[in-house]
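Here is a short briefing to read alongside the model. Please keep the viewer open as you go through the points.

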Amino acid sequence: MFYRPEDGHGLPHNPFNAIVSPRPIAWVSTRGPDGSENLAPYSFFNAVAYVPPQVMFASTSAKEDRPWSKDSMFNIRETGQFCVNIVEYAARDAMNATSGPWPKEEDEFACAGIDRAECQTIACSRVANAPASLECRLVKIVDLEGDHNFMAIGEVTGVHMRDDCIREGRFDVTAFQPLARLGYRDYSRVTELFSLTRPGQ
């Protein structure tokens, strides 16, 4: 099968998200200039550089109570900071509860019963019990092609790792089983690992 996106795929559901998968989930926490807090998941997310460490996530829709994007991106543009919390399998329902189109004044931490802790290098809350959290200062927001498509790139200024996830000096993802986004309404989790050695190493 071959299709051009502008012509449509002819399938009952868009296969794009299923093709580009699995994708890690950025559970992004932000604080607005008015002190309000927001927590929302984004699956267009990844690490993009080592030195300095940088991550990106993209928001691809807007809300009626925001002029051009969603709460997370609005807060980041206003404050220049955000925190990426890693989602474990055990937090799947809480993460999903924060994914709704809630009013901008809604505090998703409170709505989903999620404990929060203050970040160290930025003025923002993080998910207290997340396996890891990356405190970020905004590098830039990139206006992507299409309506309401924006990518935020952040430099990681602080890293939190939960103690039980550090085993023999390594951050062991099997200790918490990170949640991954697939296509449609599907998710997966990492439960086992294997290693490969690059040629020349």
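The UniProt record, an unreviewed entry, places the feature "domain: Flavin reductase like" at residues 20-173. In this predicted model, that span is 12% helix and 42% strand, and its end C-alpha atoms lie 21 Å apart.

- Seven strands make up an open sheet with antiparallel pairing, in the order E3-E2-E6-E9-E10-E5-E4.
- Strand E3 (37-42) and strand E4 (45-49) are the edge strands, each pairing on one side only.
- From one strand to the next, the twist averages 35 degrees.
- Helix H2 (residues 71-79) lies across E2, E3, strand E5 (54-59), E6, strand E9 (132-143) and strand E10 (150-161). Relative to E2, H2 runs at about 50 degrees.

**Asn85, a polar residue inside**

- Asn85 sits in strand E6 (residues 81-86).
- Is Asn85 buried or exposed? Asn85 counts as buried because its relative accessibility is 0%.
- The Asn85 side chain makes a polar contact of 3.2 Å with the side chain of Ser29.
- A polar atom of the Asn85 side chain also lies 3.0 Å from the backbone nitrogen of Val127.
- Leaving aside residues up to four places away in sequence, Asn85 touches a set of residues including Ile25, Ala26, Trp27, Leu39, Arg126, Ala130 and Ser133.

**Cysteines without disulfides**

- How many disulfides does a search of the whole structure find? The search finds zero.
- Cys119 is in no disulfide, and its nearest cysteine sulfur, that of Cys83, is 4.0 Å away. Cys119 is buried, as its relative accessible area is 6%.
- Cys124 is likewise in no disulfide; its nearest cysteine sulfur is that of Cys119, 4.7 Å away. With 0% relative accessibility, Cys124 counts as buried.

**Backbone points worth a look**

- Ser21 and Pro22 are joined by a cis peptide bond with omega of about 0 degrees. Pro22 is placed in the loop between helix H1 (16-19) and strand E1 (23-24).
- Val51 and Pro52 are also joined by a cis peptide bond, here with omega of about -10 degrees. Pro52 is found in the loop between E4 and E5.
- His148 is not a glycine, yet its phi is positive, at about 65 degrees. His148 is in the loop between E9 and E10 and counts as partly exposed, at 34% relative accessibility.
- Gln177, a residue other than glycine, has a positive phi near 55 degrees. Gln177 belongs to the loop between strand E12 (170-171) and strand E13 (179-181), and at 22% relative accessibility Gln177 counts as partly exposed.

Notes
Residues numbered from 1 in each chain as written. Predicted model: local features only at pLDDT ≥ 70, side-chain atom pairs only at ≥ 80, totals over all residues. Heavy atoms only, no water. UniProt positions renumbered as here; feature names shortened; annotations may be inferred. Helix = DSSP H or I, 4+ residues; strand = E, 2+ residues; numbered from the N terminus. Buried < 20%, exposed > 50% of the residue type's maximum accessible area, 1.4 Å probe, protein only. Polar contact = N/O pair within 3.5 Å; in protein donor to acceptor, adjacent residues only side chain to side chain. Contact = heavy atoms within 4.5 Å. Disulfide = S-S within 2.5 Å. Pairing = 2+ DSSP bridges. Axes fitted to C-alpha atoms, helices over the stretch in contact; angles between N-to-C directions.
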